[in-house]
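Have a look at the model first, then read on.

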Amino acid sequence: MHQTNYKIIQLDEVDSTNDYAKKLILEENINGTYVIIADHQTRGKGRMGRTWESPYGAGLWMSLVLGPGLSHDQLVLYNFMTSLTVCETLCELTGQPFELKWPNDILIRSRKICGILLETATKQGTLFLIAGIGLNINQKEFPEPLNQTATSLFLETQKTWERFAVLQAFMKNFDENRIELNTEIFKRWRMMTTMLGKPISVIHGTTQFECTAKDIAEDGSLIVERNGKTDRLYAGDVQIRLN
Ligand code: BTN
C-alpha cells in the first residue's frame, strides 16, 4: 500500500495551527507533507474571520501542509478531497450519516461537527496549501450560541473517542485518496451532500438572498439558480444557510 511519509509536529498549545504552519513554511526549509496538531489553540481561526473554539484535548485541531509547487487545480482538488476524506472517515468509523455542505463543512443531523480553513503560502514562487481541520470529538456540551448549531462525535455516538485513532483513520484514507487526485473527487463529493437541488439562503456581506443550490463546478464554485438565472458563488465571499 502507498504510504506517504508524514512529519507530525505535536504541540501542547499554539495560537493557531494554521498560523504555525505558515511560519514553518516561510521560516524553515520544508519538503514533504507535515501534520501540525495541537491539544489546544488560543486563537483558533474559522472561515470569514470567525474564531474556532478549540478546547483542550477535545478535538482534532490540526493543519496539513501540502506542497511545494501546487497548481491552482490541485488546490481545488485538495480542498474537496480533504472534506470528503473527513466525511468518509467519520461514516466509516461510526456508521452514522455524516454529510458535506459546500464549501467544506461536515454536518450530521443539521449540526456542524467539522470545519476546514484553507490558506495558501507562497515561498520562492511556489505554492503551499495549509488545510486546517477542526473536528469536534469529545465535547460533552457547547457554550452559547454554538450549542444551537454544533455537535461532536461524543454527542452523536455517546462514546468517547481516542483522538489519535481518528487521526490515523483519516490519514490512511487521505493517503489513499491522494494517489489519484482527479475530478472523480467531485462525483464522490456530490454523493455525500444533500444540499444540491435544495433551496438555500446566501449571506453576502450585509445582504441575503434565496436561491437553489444546483451543482459544484470544477473550479470549486457553487452553481446556484436565482430567479431563473444561473450564478456561481465563491467560497471566500459567502456564507450559506440550508433552509
Ligand atoms: C470553519 O470556519 O468552518 C473552519 C474552521 C477551521 C478550524 C481549524 S482548527 C485547526 C486549524 N487552525 C485554525 O486556526 N483553524 C483551523
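Let's start at the ligand: a polar side-chain atom of Ser-16 lies 2.7 Å from one of the ligand's oxygen atoms. This is a predicted model, where local features need pLDDT of at least 70, side-chain atom pairs count only at pLDDT 80 or more, and totals for chains, interfaces and linings use all residues. Residues are numbered from 1 along each chain as its sequence is written, and side-chain values use heavy atoms, leaving out hydrogens and water.

**Around the ligand**
- There are 20 residues around the ligand, and Ser-16, Gln-41, Lys-45, Arg-47 and Lys-112 come nearest (around here means a heavy atom within 4 Å).
- A nitrogen atom of the ligand is 3.1 Å from an N or O atom in the Thr-17 side chain.
- Gln-41 has a polar side-chain atom 2.9 Å from a nitrogen atom of the ligand.

**The largest pocket**
- The largest pocket holds about 960 Å³ of space (on a 1 Å grid over the protein atoms alone, a pocket is an open set of points with protein on both sides within 12 Å along at least five of seven lines; a volume is the space filled by probe spheres set on the points).
- It is lined by 41 residues, and Arg-50, Trp-52, Asp-105, Lys-112 and Leu-146 are the closest to its centre (lining residues have an atom within 4 Å of a point).
- β6 (111-123) gives the largest share of this lining, five residues (strands are DSSP runs of E, at least two residues, and helices runs of H or I, at least four, numbered from the N terminus).

**The largest cavity**
- The whole structure has one cavity of 30 Å³ or more (a cavity is a set of points where a 1.4 Å probe fits but cannot get out).
- About 60 Å³ of space lies in the largest cavity.
- Helix α2 (72-94) gives the most to its lining, with three residues.
- Leu-60, Val-86, Ile-133 and Phe-170 are among the residues that line the largest cavity.

**Thr-82, inside α2**
- Thr-82 lies in helix α2 and is buried, with a relative accessible area of 0% (buried means under 20%, with a 1.4 Å probe and protein chains only).
- A polar atom of the Thr-82 side chain lies 2.6 Å from the backbone oxygen of Tyr-78.
- Leaving aside residues up to four places away in sequence, Thr-82 touches Ile-116, Ala-131, Ile-133, Phe-170 and Phe-174 (touching means heavy atoms within 4.5 Å).

Definitions and conventions:
Buried < 20%, exposed > 50% of the residue type's maximum accessible area, 1.4 Å probe, protein only. Polar contact = N/O pair within 3.5 Å; in protein donor to acceptor, adjacent residues only side chain to side chain.
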